[in-house]
Amino acid sequence: MFFSQAGARPRMWEASPSEYKKWVEVFKACDEENKGCLSRENFKVAVVMLFGYKPSKIEADAVMSSVDPNTSGILLKEFLDIVRKKKEAQLYRNEIRHIFTAFDRHYRGYLTLEDFKKAFKQVAPKLSERIILEVFSRLLSKLLKSKGVQAKRRQSARGQYYLGDSRTSRPLKYSSILVYTL
């Protein structure tokens, strides 16, 4: 089902002819001097027109650094490629958000280990509980690491696994919650 593709990077996506036409029209509207390319500021305006937000300085710098230095801006072909990639990423984030929301039955904004197990039982009923726990633990460890907490999987005296802070021997307080930031 769709869950098997959730970890994959965005797949190639093709714009519809009407969408492609819209992108070309936006490019032409922002190419005020009809040079056939967009300046940094014109590119920002185009992104606002297409995506509804002003790109950050970092994003604009990244785009401008990838432009051929022999041109005075972003050519139409480059612009269309940038827009297509942004659209793919946007669709991918939306797909992940939909998947997460489908499994967040209580609308809490996070998944407990039990929610995670139920979700996997729906989409992969033959997957062992040990593997599901391993996936949950890895995702939680990755999340905690991004927050500056070093987590390590430990085994308790009763043989149960839990995530613990690697600097102490105590279990992490929120080890049963996987948070997805929207």
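**Burial, cores and cysteines in a predicted model**

Me: Why is Cys 37 called buried in this predicted model?
Reply: Cys 37 has 7% relative accessibility. Buried means under 20%, so Cys 37 counts as buried.

Me: What makes Cys 30 buried or exposed?
Reply: The relative accessibility of Cys 30 is 4%. Because the cut-off for burial is under 20%, Cys 30 counts as buried.

Me: How many disulfides are counted, and by what criterion?
Reply: The criterion is a pair of cysteine sulfur atoms within 2.5 Å. By this rule the count is 0 disulfides.

Me: What makes a set of residues a nonpolar core, and which residues have the most contacts inside the largest one?
Reply: Such a core consists of buried residues of the nonpolar kinds, joined through side-chain atoms within 4.5 Å. The largest has 18 residues, and Leu 38, Phe 43, Leu 50, Ile 74 and Phe 79 have the most contacts inside it. At least two residues of this core come from each of α1 (17–30), α2 (40–51) and α4 (76–103). Another core, of 13 residues, lies apart from it and includes Ile 99, Leu 111, Leu 113 and Leu 144.

Me: Which residues is Ile 74 in contact with, leaving aside neighbours within four places in sequence?
Reply: Contact requires heavy atoms within 4.5 Å. Among the partners of Ile 74 are Phe 27, Cys 37, Leu 38, Phe 43, Val 63, Phe 79 and Ile 82.

Me: Which residues does UniProt list for "domain: EF-hand"?
Reply: The unreviewed UniProt entry lists residues 18–53 and 91–126. Residues 18–53 are 69% helix and 6% strand, with end C-alpha atoms 22 Å apart. Residues 91–126 are 67% helix and 8% strand, with end C-alpha atoms 29 Å apart.

Technical notes: Residues are numbered from 1 along each chain as its sequence is written. This is a predicted model: local features need pLDDT of at least 70, side-chain atom pairs count only at pLDDT 80 or more; totals for chains, interfaces and linings use all residues. Side-chain values use heavy atoms; hydrogens and water are left out. Buried means under 20% relative accessible area, exposed over 50%, partly exposed in between (1.4 Å probe, protein chains only). Helices (H or I, at least four residues) and strands (E, at least two) are DSSP runs, numbered from the N terminus. UniProt positions are given in the numbering used here, feature names are shortened, and annotations may be inferred rather than shown by experiment.
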